[in-house]
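Keep the sequence and the 3D view open while reading.

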Amino acid sequence: MGLSKIWVYAEADGDKPATSTLELLTKARELGDSVECVFVGANAAALAGALGEHGATKVHAIDNGDVLAGVIGGAALAKLIEADAPDLVLFAQTYDGRDALGRLSVKLDRPALTNGVALLVEGDKPVVGTAIFGGNTLVDTEFEGEKPYLAAIRPKSFAAEPSGGAAAEVVALDAVDAGRAAEAKVLERHVEEREGPKLEEAPVVVSGGRGIGSAEAYEPLVEELAKLLKGASGASRAIVDAGWVPYAKQVGQTGKTVKPKVYLALGISGATQHLVGMKGSDNIIAINKDGEAPIFSVADLGVVGDVHKVVPKLIEALKAHG
Amino acid sequence: MNIAVCVKQIPDPATPGELNPDTHTLKREGKLILDESDSYGVEMALQLAEAAGGGEVTLVSMAPNNEVSGLRTALAMGAAKAVLISDDALQGSDSLSTAKVLAKAVERVGGIDLVLTATESTDGYSGTVPEQIAELLGWPSLTFAKHIEIADGKATIQRQTEAGYDVVEASLPAVVSVTAGVVEPRYPSFKGIMAAKNKPVDEVKVADLGLSAEQVGWAGARQKIVDVRAAPAREAGEKIEDEGDAHEKIVAFLEQLKVI
């Protein structure tokens, strides 16, 4: 059994669809007879090819100008749903996805199931799977009440695979009235330079925790090692809370989920909050002074030692390795 | 400037969580503490109110069993008063029900210019409550703030993005969600702790907010937990003590994985 109609709230990464959007489309076409996207932004035409290739037949597009995207997203979805409601609307658990979903759930007075890592259909009801307690417990939740059902799925929950579909048809939407919410205007955009791959897409992730000792140690230990391994740098919640690195680097329950080929945890004890975001990695290497730290329970290679001694030597060895 | 801060009182995250076997909800019977995620909002509110030359910081919290331990921590930091919504009808509440309760509580306080929240709670972390509160109030929301300035009746924030940050502004009243690390929360002073014991906590029920029991709790959540099971465990591998050559083992492992 499947659903007849699923919509995906699409997001862009430059002139391409975000990987999280393609992941949702791949799952949506497995569960639904028809899959369409709703996209907020100026460049829908540039995305239509890839969205179609991953299963979307249509892209309902609206240009938000300088208004915060999720505000227009919520209002546009509500208006579209008034005319023609799908069974299920999927969002990625991202900054803009959460904005749009929160707004829409109030407009429709529908609950939103969030942090999904699995999605299936039982009868005609979608069931959202979440992982709690550091990923040790899996919970399946079924929607009750009226359609459309609203769900947010964590990026990296599904693999993105093209289906070979034709480019999606772009349908431009008229302006929507989002009320006072539309007063939220983007004045400037700052792009921070990033060497190497994105955190969620990197084949190697090097993360630092409280054990690195100070904010100053992050660059020479964590970032340097990530650079040498052509990977991305991440962080535990403890050092994000301490203000050492920005929230965007946080791996874990309230941060990002990563599933790289290799995850290196430097000075991270492995609180459940952190484990849930990285235990899906293919291989885990952990370095920590405390031999009893929970991180070792998931590490393929655990080194009980001081990151300040082991990591500089590792960096030298990798440089010599060439 | 009058600021409301939404704070959650949660079971200590250092102790393992447990589900209630009958309802599959998180066990929240014991002593609750202030969610550390919310300490940033409380600190930010205190600093913004002071910079604005005055105004009151009011806490808004929904918790079982009239729990106030976490609220006392935030009151000890310097918040003036609190509204606590505690009602058996709230059991099973999802993010939307929670937002309905918190938005009504903000209206009950009245005269609020700014609502501050965390980006998500530590225990439930659904991650949509700030936007839902804003939509219910009909206000703009500035989400994922890593820096806030208030001037000329407007809030201007640096909003965390995947690529860096955006500068986003909106006129007040507005809801702003702040990321962890946005400011350094103060530790309550002894004087603050003593003063907190006598600060007013307005204890209210769902009906006092003009909401019906059907709009909140299990009835409002309109969802059913159909299965709870253990996840497949991940096996630990080799564990070695560093004796000055651990880096060689790591290099060998990376070579074996063809990463280098």
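In chain A, A:Ile6 stands opposite A:Val35 in S4(A). The model is predicted: local features need pLDDT of at least 70, side-chain atom pairs count only at pLDDT 80 or more, and totals for chains, interfaces and linings use all residues. Residues are numbered from 1 along each chain as its sequence is written, while chains are lettered from A and ligands numbered from 1 in the order in which they are written.

**Strand S1 of chain A**

Strand S1 (residues 3–10) of chain A is mostly covered, with six of its eight residues buried. Buried means that 20 or more other C-beta atoms, placed from the backbone, lie within 10 Å of the residue's own. Strands are DSSP runs (E, at least two residues) and helices are DSSP runs (H or I, at least four), numbered from the N terminus. S1(A) has a parallel partner in S4(A), residues 32–40. It also runs parallel to S6(A), residues 88–92. There, A:Trp7 has A:Val89 as its bridge partner. Two strands pair if DSSP finds at least two bridges between them.

| Strands | Sense | Bridges |
|---|---|---|
| S1(A) and S4(A) | parallel | seven |
| S1(A) and S6(A) | parallel | three |
| S16(A) and S17(A) | parallel | five |
| S13(A) and S9(B) | antiparallel | six |

**A sheet with strands from both chains**

Six strands form an open sheet with parallel pairing, in the order S15(A)-S14(A)-S16(A)-S17(A)-S18(A)-S13(B). Its edge strands are S15(A), residues 232–235, and S13(B), residues 238–241; each pairs on one side only. Neighbouring strands are turned by 15° against each other on average, direction ignored. Axes are lines fitted to C-alpha atoms, for helices over the stretch in contact, and angles run from 0 to 180 degrees between N-to-C directions.

Within this sheet, S16(A) covers residues 262–266 and S17(A) residues 283–288. A:Val262 is bridged to A:Asn283. Helix H7 (residues 246–256) of chain B packs on the sheet and touches S16, S17 and S18 of chain A together with S13 of chain B. Its direction makes about 170° with that of S18(A). Helix H5 (residues 218–228) of chain A lies across S14, S15 and S16 of chain A, at about 170° to S14(A).

**The contact between the chains**

Chain A gives 77 residues to the contact and chain B gives 71. Residues are in contact if their C-beta atoms, placed from the backbone, lie within 7 Å. On the side of chain A, helix H4 (residues 95–108) provides the largest share, nine residues.

Strand S13 (residues 185–191) of chain A pairs with strand S9 (residues 164–171) of chain B. A:Glu188 has B:Val167 as its bridge partner.

Key
Buried ≥ 20, exposed ≤ 12 C-beta atoms within 10 Å, placed from the backbone. Contact = placed C-beta atoms within 7 Å.
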